[in-house]
Amino acid sequence: MPLSIRPLSPHLLNWLLCWSLLAMTGCSSLSPRDPLNISVVGIEPLAGQGMEMRFSVTLRVQNPNDGAIDFDGIALEMEINDQPLATGVSNQKGQVPRFGESLIKVPLTISAYSMLRQAMGASALKPGQQVSYELSGKLGGSLLGERFSTSGNLDWPTTARP
């Protein structure tokens, strides 16, 4: 039996067009935000299970915008030398005030596989060589979440001379 497709009625077409215009107007009225400034200000060890390592990472989140950012949950990923190292989530709630900052603690887990991969990569590093890192994540709670990312380089330690 052949499938027949009916054209949309003019009334339905007008309705869809109006809703599309309203949706685009709503999105365009959202003022652009400057990105959040994120820095790691503390790392504390946590108890792990089996062969995993766990840490509590304290982040300083700075909001350079004119509006406060309410959040309900945070997800975090850390990479070293373009390789995944650790991930973590927290259901912490709070607010980063307008032109203000907040401290947020996130537990991170490093799997045994990630530790092994990083150890193998570190064995090829030369003293004083730069090691790249990237920290990315999302503050939950808003419609799309507030994504953030920061990256940089660390100097691999030089060997101490006796």
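## The loop between β4 and β5

F99 sits in the loop between β4 and β5 of this predicted model. Strands here are DSSP runs of E with at least two residues, helices are runs of H or I with at least four, and both are numbered from the N terminus. Although F99 is not a glycine, its phi is positive, at about 45°. F99 counts as exposed because its relative accessible area is 54% (buried means under 20%, exposed over 50%, partly exposed in between, with a 1.4 Å probe and protein chains only).

A second residue of this kind is N81, in the loop between β3 and β4. N81 is not a glycine either, and its phi is positive, near 50°. With 29% relative accessibility, N81 is partly exposed. For background, most residues other than glycine have a negative phi.

N63 belongs to strand β2 and is buried, at 2% relative accessibility. Leaving aside neighbours within four places in sequence, N63 is in contact (heavy atoms within 4.5 Å) with L36, A68, I69, V96, P97, R98, F99 and G100. A polar atom of the N63 side chain lies 3.4 Å from the backbone oxygen of P97.

## The nonpolar core

How many residues does the largest nonpolar core have? It has 23 residues, and those with the most contacts inside it are I38, L59, V61, I74, L76, I104 and L139. Such a core is a set of buried Ala, Val, Leu, Ile, Met, Phe, Trp, Tyr and Cys residues joined through side-chain atoms within 4.5 Å. Strands β2 (53–63), β3 (69–80), β4 (83–96), β5 (100–110) and β6 (130–139) each supply at least two of its residues, and β3 gives the largest share, six residues.

Not counting residues up to four places away in sequence, L139 touches L36, V61, F71, G73, I74, I104, G145, E146 and F148.

## L85 in strand β4

L85 lies in β4 and is buried at 16% relative accessibility. Beyond four places in sequence, L85 touches M78, E79, I80, T109, I110, S111, S114 and Q118.

## Confidence and conventions

The protein chain has a mean pLDDT (the predictor's confidence in each residue, from 0 to 100) of 80, and 75% of its residues reach 70 or more.

Residues are numbered from 1 along each chain as its sequence is written, and side-chain values use heavy atoms, without hydrogens or water. Local features need pLDDT of at least 70 and side-chain atom pairs count only at 80 or more, while totals for chains, interfaces and linings use all residues.

Notes: A polar contact is a pair of N or O atoms within 3.5 Å; within protein, one must be able to donate a hydrogen and the other to accept it, and residues adjacent in sequence count only if both atoms are side-chain atoms.
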